[in-house]
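User: Hi! Could you walk me through a structure I have just opened? I'd like to start with side-chain contacts.
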Amino acid sequence: LAKLDTMEIKSSIVNKVENLMRKYREPGSGMFRALTAKEFLDIWKHYDADGRTNGFLYGQQLDQFLLDFMTSLNETEIVSAKLFFEFKERLMLAYDDNKNGKLELKELMHILPFEQPLRDLLLRQSTLKTSVEFMKIWTKYDDDHSGFVERDELKCILEDFHKITTKLKIDETKLDEYTNLFFEIFDSNKDEKLQLSEVSKMLPVEENIFKQMKLLENISNRSLNKIFDKYDLDRNGCIDAEELQIFLKDLLDVDDKEYEMSTIEDLKQTILHSCELNMDNRLQKKQLKSVLKSMAHTKSHRCFSMFAD
């Protein structure tokens, strides 16, 4: 950084704002010290200034974070544009696990050091494979069946997550700090409760078949079979109401918009009532194909265009 040549200086980036990251590096070694929940929340609010990212950093906010991260090791606030974009490309290649151009909380865990109890929580938070696991957690902790996760319910989730990861009881003060941290980051509308889409961002799943599929003009039999097999969890040749709920949750997550549990319930009932079903309310493969094609013609969700005619 200190040896920029003339050409690089002409195409350099100057960090014109206070470098927040520098104060979290140890004098001498330059290593980051382990961050407390409060310190990380300060960092998050600094870069997510408008409070709209809802669990990830992207765009200008991500660039500013990476610029501060990069220059905080030195006294200079100037870096060549070429060096910055090479650094960003390599860092995102290493840590942007789902390749969406954003840094999520679970990915930041591998870049910034956290105090151990918080790190233990984040390790558990990042291990959900599918929405089947997610919905089991949702059902278990939405005690009052309100369709939301409130503070006391989130506190129970975090307490159990920590116990699963460490086999230890977490300090009550730390638990309150972490509950507040997750609420501050993921409660995007600040209504003191987490709706389904907010919890989905807090507990992202690794596998979502709709995020893996390319846009299609017509749904092929191969794609249909792949989708059907994915959600026919009990392998009985039908998609029942519970499996349909998981299917809709994955579909809505692709759209990256806010939704509640009631949104899924409404969609589920609409689908079940629109199909000619037996008394058991189960979808056959042919009916699922009709559902996907019907959804493709609606404009309410971008992800439905995958299955447009």
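User: Which residues does Asp-253 touch, not counting residues up to four places away in sequence?

Analyst: Asp-253 touches Ser-200, Asn-208, Lys-211 and Tyr-259, where contact means heavy atoms within 4.5 Å. Please keep in mind that this is a predicted model, where local features need pLDDT of at least 70 and side-chain atom pairs count only at pLDDT 80 or more, while totals for chains, interfaces and linings use all residues. Residues are numbered from 1 along each chain as its sequence is written, and side-chain values use heavy atoms, with hydrogens and water left out.

User: Thanks! With which side chains does the side chain of Asp-253 make a polar contact?

Analyst: One is the side chain of Ser-200, at 2.9 Å, and another is that of Tyr-259, at 2.6 Å. A polar contact is a pair of N or O atoms within 3.5 Å; within protein, one must be able to donate a hydrogen and the other to accept it, and residues adjacent in sequence count only if both atoms are side-chain atoms.

User: Is Asp-253 buried or exposed?

Analyst: Asp-253 is buried, because its relative accessible area is 13%. Buried means under 20% relative accessible area, exposed over 50%, and partly exposed in between (1.4 Å probe, protein chains only).

User: And what forms a salt bridge with Asp-253?

Analyst: That's Lys-249, with the closest N and O atoms 2.9 Å apart. A salt bridge is a side-chain nitrogen of Lys or Arg within 4 Å of a carboxyl oxygen of Asp or Glu. Helices (H or I, at least four residues) and strands (E, at least two) are DSSP runs, numbered from the N terminus. Lys-249 is buried too, at 1% relative accessibility.

User: Switching topic: how many salt bridges does the structure hold?

Analyst: It holds 15 salt bridges. Among them, Asp-176 pairs with Lys-155 at 2.8 Å, N to O. That pair links distant parts of the chain, 21 residues apart: Asp-176 is in helix H9 (residues 172–186) and Lys-155 in helix H8 (residues 151–166). Asp-176 is partly exposed at 39%, and Lys-155 is partly exposed at 22%.

User: Last one: where does UniProt list "domain: EF-hand"?

Analyst: The unreviewed UniProt entry lists residues 129–164 and 219–254. UniProt positions are in the numbering used here, feature names are shortened, and annotations may be inferred rather than shown by experiment. Over residues 129–164, the model is 69% helix and 0% strand, and the end C-alpha atoms are 16 Å apart.
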